[in-house]
Amino acid sequence: MTRFRKYVPLLDWGRSYSRDVLADDLVAAIVVTIMLIPQSLAYALLAGLPPQMGIYASIVPIILYAVFGTSRVLAVGPVAVVSLLTAAAIGKIAEPGSDQFITAALTLAFLSGGFLLLLGLFRLGFLANFLSHPVIAGFISASGILIAASQLKHILGIEATGHNLLETGASIVAHIGETNAVTLVIGVTATAFLFWVRKGLKFLLVRIGLAPRIADFAAKAGPVAAVGTSTLVVWMFGLADRGVATVGPVPQSLPPLTLPSFSPALWAELAAAAFLISVVGFVESVSVAQTLAAKRRQRIDPDQELIGLGAANIGAAFTGGYPVTGGFARSVVNFDAGARTPAAGAYTAVGLAIAALFLTPLIHFLPKAVLGATIIVAVLSLVDFSILAKAWRYSKADFAAVATTIVTTLGFGVELGVTAGVIISILVYLYRTSKPHTAVVGRVPGTEHYRNVLRHHVITDQRVLTLRVDESLYFANARYLEDRIYDLVAQRPDLQHVVLMCPAVNAIDMSALESLEAINERLGDLDVIFHLSEIKGPVLDRLQRSHFLDQLTGRVFLSQHQAMQALAHDPVGPPGAGVTVQAPKKLGDTRNSLAQQRNYR
């Protein structure tokens, strides 16, 4: 039963559900429902799908996540980046608005859910860690710019297409002369109003005496006010007859039962996009869930999150939706509104189902310009190019990764952008670990601590070389370690012992083991004895399964100080007879080689 509860967290938190928790969850559900109605419609528009699919994608998926997800406050549904990825993926396969286009969206949700479920069942959530946070931040910022640019056509009331910023910009410029003045007024007014609601309405309401909680609720209802007012204006003044594009008729029903396609050809075309959507959606969702859980001293299970999100996407595929994930903005709203359990999401689904049954006729005259404004305001809050300055100051490699991701996304589209992000993240990791930081160390006088000779005043022995390696050893860096040791040995004609100090080595693979065997053999030919120190237990256990320790010319020491006591000529006495005091070198005052500079850390 305990194992079953692990896969169905509802059985865990549901046992302690109370009336007080119910009240908090209901309040949060009302707030999120009000926010989700215009957002769901807008994100479906962004994906090129009928508006009702946005609402459908926010009903059953939320319920399924409430059953299988581990976050107490994550709000699942359509989000901007995934909607854009969906549009890019299925736009290559079918004409927007066609039955094939909708089927492709359902199939994409099914495949994405399948990937997520498989990753969760096989506990492969760690794979998403290869998409670094700076790269994700750059991708989301670039996607935000792309999304905002793609919505300008609705603000202007023109036709425009494009899969990247250059194509979209050129298309808008080519059709700028067709701008509908009435649509432009509606779009600009709605955008300005929504920005003001986001930034200033709550502050104004508090100043005039409203309670902060009520003021916050009113500010969250701002998009609904924009939708309602603009719809009423278009209907009253017949603006649809003056060229204002509206949503049009929306079915008045609960989510229908639908079937994705099981065509192998279509699956092959969508598989790569589905996997990218799965990874991006999971990374975004888990980062939000972990951040909010930490604020309440709760925890989430990333692998179970994969199962929860997978179930949500498969549910979307069979109920008229499209790919979904946990949204940052609505999850924060859910958290701030006081949601205590995933049941708040289920109550939100009930609210959206009521809206789908009774409110959809009211949005027939909703102008698309207002939905475009809703999207623009939502995504621009995600744009943060300060990551470039932070990365430049902290790590040039991270800066290159972020900049390349941003440029690729803007110049070639979201699919190539996120693919480049994944590849660059892995390449940066391989580059860093292929040339691990190593340091020649000596004993800090009066202590048993051993530190980098380039940074500290230390005691060393000319006959003993201690090299500390600060990375696990594997195929990509094994040869680098060999070359580093051979270079150091060549510079020391009186050398008798080499100690490889391994406090940061968590693993040694077969390639690295072969390198250690080669080092041991070559040093033996030079009459230099090879030792190891501070090997971690699991690493030593694995080495004991090989013949390496039997062939090792030296010893394995528990600590580096123990090694120096056994090997140094006069390890605790004053400098002399082979023992010297080395002062740290200042990098700016010495003409060290690039290799020395790299190891001045």
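**Figure 1. Helices α5 and α14 cross in a right-handed sense.** A crossing is right-handed if the near helix is turned clockwise from the far one by less than a right angle, and left-handed if anticlockwise. The model is predicted: local features need pLDDT of at least 70, side-chain atom pairs count only at pLDDT 80 or more, and totals for chains, interfaces and linings use all residues. Residues are numbered from 1 along each chain as its sequence is written, and side-chain values use heavy atoms, with hydrogens and water left out. The axes of α5 and α14 lie 8 Å apart, at an angle of about 155°. Axes are lines fitted to C-alpha atoms, for helices over the stretch in contact, and angles run from 0 to 180 degrees between N-to-C directions. The two helices, α5 and α14, are therefore roughly antiparallel. Angles under 35 degrees count as roughly parallel, over 145 as roughly antiparallel, 65 to 115 as roughly perpendicular and the rest as oblique. From α5, the residues that meet α14 are Val 60, Pro 61, Leu 64, Tyr 65 and Phe 68. Their partners in α14 are Gln 304, Glu 305, Gly 308, Leu 309, Ala 311, Ala 312, Gly 315 and Ala 316. Sorted by class, this contact of α5 with α14 holds nine nonpolar, three polar and one charged residues. Ala, Val, Leu, Ile, Met, Phe, Trp, Tyr, Cys and Pro count as nonpolar, Asp, Glu, Lys and Arg as charged, and the others, Gly among them, as polar.

**Figure 2. The buried residues of helix α5 (residues 60-68) are Pro 61, Ile 62, Tyr 65 and Ala 66.** These residues lie on the same side of α5, because they cover an arc of only 140° around the axis. The arc is that of the directions from the helix axis to the C-beta atoms. Buried means under 20% relative accessible area, exposed over 50%, and partly exposed in between (1.4 Å probe, protein chains only). Several elements cover the buried residues of α5, including α2 (10-13), α3 (19-46) and α4 (51-56). Strand β1 (76-77) and helices α14 (302-317) and α16 (343-358) are also among them. Contact means heavy atoms within 4.5 Å.

**Figure 3. Helix α6 (residues 80-90) is mostly covered.** Eleven of its eleven residues are buried. Among them are Ser 83, Thr 86 and Ile 90. The axes of α6 and α8 (residues 133-156) come within 10 Å and cross at roughly 65°. That makes α6 roughly perpendicular to α8. The crossing of α6 and α8 is left-handed. In α6, the meeting residues are Ala 80, Val 81, Leu 84 and Leu 85. In α8, they are Phe 139, Ile 140, Ser 143, Leu 146 and Ile 147. The α6 and α8 contact has eight nonpolar, one polar and no charged residues.

**Figure 4. Helices α19 (residues 396-412) and α20 (residues 414-434) have axes that come within 7 Å.** The axes of α19 and α20 cross at roughly 165°. That makes α19 roughly antiparallel to α20. Their crossing is right-handed. On the α19 side, the contact is made by Ala 397, Asp 398, Ala 401, Thr 404, Thr 405, Thr 408, Thr 409 and Phe 412. On the α20 side, residues in the contact include Val 414, Leu 416, Gly 417, Ile 424, Val 428 and Arg 432. By class, the contact of α19 with α20 has nine nonpolar, six polar and two charged residues.

**Figure 5. Asp 527 and Glu 534 each have a positive phi, although neither is a glycine.** For Asp 527, phi is about 60°. Asp 527 sits in the loop between α22 (510-525) and β8 (529-533). Asp 527 counts as exposed, because its relative accessibility is 66%. For Glu 534, phi is about 55°. Glu 534 sits in the loop between β8 and α23 (537-543). Glu 534 counts as partly exposed, because its relative accessibility is 23%.

**Figure 6. Ala 476 lies in the loop between β6 (464-469) and α21 (478-490).** At 27% relative accessibility, this alanine, Ala 476, counts as partly exposed. Ala 476 and Ile 102 are 374 residues apart in sequence. In space they are 45 Å apart, C-alpha to C-alpha.

**Figure 7. The protein chain has 26 helices and ten strands.** Helices (H or I, at least four residues) and strands (E, at least two) are DSSP runs, numbered from the N terminus. Of the 601 residues of the chain, 52% count as buried. The C-alpha trace spans about 100 × 60 × 60 Å along its principal axes.
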